[in-house]
Amino acid sequence: MTHTGAVVAGEQELLAVALPFLDAGLRAGDLVALACPADTVALLSRELGARAAAVESEPRLNLLGSRAPDALTACARYLERAKDSASGRLRVFSEVDFGPDPADWREGQRFDAVTNRLLGDEPMDIVCVYDSRRLDPSVVDSVRATHPTLVDERGRFVPNPAFQDPGTYVPSLPLPREPVEDGDPVFAVDDARTLAGLRHQLGAAIAGIVPDREQQEDLHLAVSEIAANAFRHGTRPVSARVWAGSDRIVCVISDRGTSYGDPLSGFVPAHGLDLSRGGMGLWLARKLWDHVDVLPSPAGLSVRLSTRLR
């Protein structure tokens, strides 16, 4: 995989990066896809003219249309399809928009980093464009840490000496408390006696906060798996806290274990697609909650889940 970042400031600079990249893919016989907001897709389609018919649009290839595990699944499906293209390669032009708040930015930065490890050997070329007019400066700055290649001011693809290994970069991201955590939790237990009992209590707490029934079930499924991880792989006592805000819910599951050491876990199932083998707790959490922070410390491990209410 080649994973290239480009910082632009407006349509003309975006086109100067996108059009040669897309043209090269079409000429080579790649499977070519856009993972961009609708206005950028429309702009590029106009510029490509008749050739736009050969370019697909799939926002789920990045975080515009999905959470990280689903974006990686979409990439896997496109890579499978790319095997039948003339070149056997996938080419993706992606415009970055991680969302409206710093917790969203953190998830996006993690995603951009881990793709280097999880997709590094795949036959694909990705250009990620960061529009400095749309994005917070901290998001724009992150391009240098998460992309092995950059587009320079002359439009050349050049090695990036500031690139950081994902195993170093992901744990370095700040993990501030959610503001709602400064208030009293609506549910708290410091030494859950059984996994079944904790699952039941968490389900009741979530049902009292989340109005949408489908979202209730999704959140409960994922937090139950995190609780199961704490009981099965952590060190007791296991504790839990749930907070409710005006538009979000936050849940923290903690245990005293200190053996966690994989900052890239949970973006794909631990044992592949055979979910009967387990190893899907963090993966389900990343699929079903907006934000997942793994917080190791000398006192133990906490997993913080937060999401907006529908």
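Biologist: In this model, how far is the sulfur of Cys128 from the closest cysteine sulfur, and which residue holds that one?

Modeller: Keep in mind that this is a predicted model. The closest cysteine sulfur to that of Cys128 belongs to Cys75, and the gap is too far for a bond. A disulfide would need the two sulfur atoms within 2.5 Å. The distance to Cys75 is 9.7 Å.

Biologist: How many disulfides does the structure hold, then?

Modeller: A disulfide is a covalent bond between the sulfur atoms of two cysteines. For Cys75, the closest cysteine sulfur is in Cys128, 9.7 Å away, so a bond is ruled out by distance. The number of disulfides in the structure is zero.

Biologist: Is Cys75 buried or exposed?

Modeller: Buried means under 20% relative accessible area. Cys75 has a value of 4%, so Cys75 is buried. Cys128 also comes out at 4% relative accessibility, and that makes Cys128 buried.

Biologist: Which element gives the largest share of the largest nonpolar core?

Modeller: That core has 37 residues, and Leu61, Leu90, Val96, Phe98, Tyr130 and Val139 touch the most other members. Several elements each supply at least two of its residues, including strand E2 (31–35), helix H3 (68–82), strand E5 (124–131) and helix H7 (166–172). The largest share, eight residues, comes from H3.

Biologist: Which residues is Val139 in contact with, leaving aside its neighbours within four places in sequence?

Modeller: Val139 is one of the core residues that touch the most other members. Leaving aside those sequence neighbours, its contacts are Val96, Phe98, Trp105, Gln109 and Tyr130.

Biologist: And how many residues are in the second, separate core?

Modeller: Among its members are Val210, Ala222, Ile249 and Leu282. The count for this second core is 35 residues.

Notes: Residues numbered from 1 in each chain as written. Predicted model: local features only at pLDDT ≥ 70, side-chain atom pairs only at ≥ 80, totals over all residues. Heavy atoms only, no water. Core = buried A, V, L, I, M, F, W, Y, C linked by side-chain atoms within 4.5 Å. Buried < 20%, exposed > 50% of the residue type's maximum accessible area, 1.4 Å probe, protein only. Helix = DSSP H or I, 4+ residues; strand = E, 2+ residues; numbered from the N terminus. Contact = heavy atoms within 4.5 Å.
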